[in-house]
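Me: I would like to learn how to read salt bridges in a protein model. Can you take me through them step by step?

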Amino acid sequence: MSEYKEAPAGPAARENAAPDAGAPHDLEPGTEAQQLQAELEKVRAEAAENLDRFLRARAEAENMRKRAELDVVATRKFAIERFASEIIAVRDSLELARMVELPKDSNPAVQKMHEGLDLTLKLLDGIFQKFGLTLIDPAGQKFDPERHQAISMVDSAEVPPGHVVNVVQKGFLLNDRLLRPAMVVVARAAAEPAKPAGSA
């Protein structure tokens, strides 16, 4: 009985053989490139989104820092607002006392007191200037509704219409912010005299 031996398979036989079920399937070069391209695009999109978030967060932080700086500046500029509102009433009283006319033969002590009022007002105005308090004394100026409060209107031939005839109470600014408006009397156009009856 002759012994049968299987002849080794040639190259053609190996090409036609069924693939091994347990071997891993290699991706085609075109498919692998497409997957890598898709992953790259996804990573790029995520990177762009993260960069956008970072830039927005940085801009918001910068805006918050600027707002905080402005708040600090405003606090420094207007921290004395309540105190200033009270102290200007003291200046009003001093000025009213200073406006009292003294007779020439008045007591020397009273004259000294009058001079002391002048010095006190001058000192107070220097302090006001140092802390940003500005006096509003608009006598003869055009009426400004932003800084003046009209309490009445009068006919006037000397002062142009819409201008301040008299200042009843001076106003104040605190670093360009209105602290108290000036109370004023405003001129209106003088009424024309009535024509006699029968005149042309």
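Reply: Start with a network. In this predicted model, salt bridges link Arg91, Glu95, Asp125, Asp137 and Lys170.

Me: What lets such side chains pair?

Reply: Side chains of opposite charge can pair when their charged atoms come close. Take lysine 170 and glutamate 95: their closest N and O atoms are 2.6 Å apart.

Me: Where in the chain do lysine 170 and glutamate 95 lie?

Reply: They sit in distant parts of the chain, 75 residues apart. Lysine 170 is in the loop between strand S3 (164-169) and strand S4 (171-174). Glutamate 95 belongs to helix H3 (residues 81-98).

Me: Are lysine 170 and glutamate 95 buried or exposed?

Reply: Both lysine 170 and glutamate 95 are buried.

Me: Which salt bridge joins aspartate 137 and lysine 170, and at what N to O distance?

Reply: Their side chains meet at 3.8 Å, N to O. That counts because the cut-off is within 4 Å. This pair also links distant parts of the chain, 33 residues apart. Aspartate 137 is in the loop between strand S1 (133-136) and strand S2 (148-155). Aspartate 137 is partly exposed, at 38% relative accessible area.

Me: How many salt bridges does the structure hold?

Reply: It holds 15.

Note on methods
Residues numbered from 1 in each chain as written. Predicted model: local features only at pLDDT ≥ 70, side-chain atom pairs only at ≥ 80, totals over all residues. Heavy atoms only, no water. Helix = DSSP H or I, 4+ residues; strand = E, 2+ residues; numbered from the N terminus. Buried < 20%, exposed > 50% of the residue type's maximum accessible area, 1.4 Å probe, protein only.
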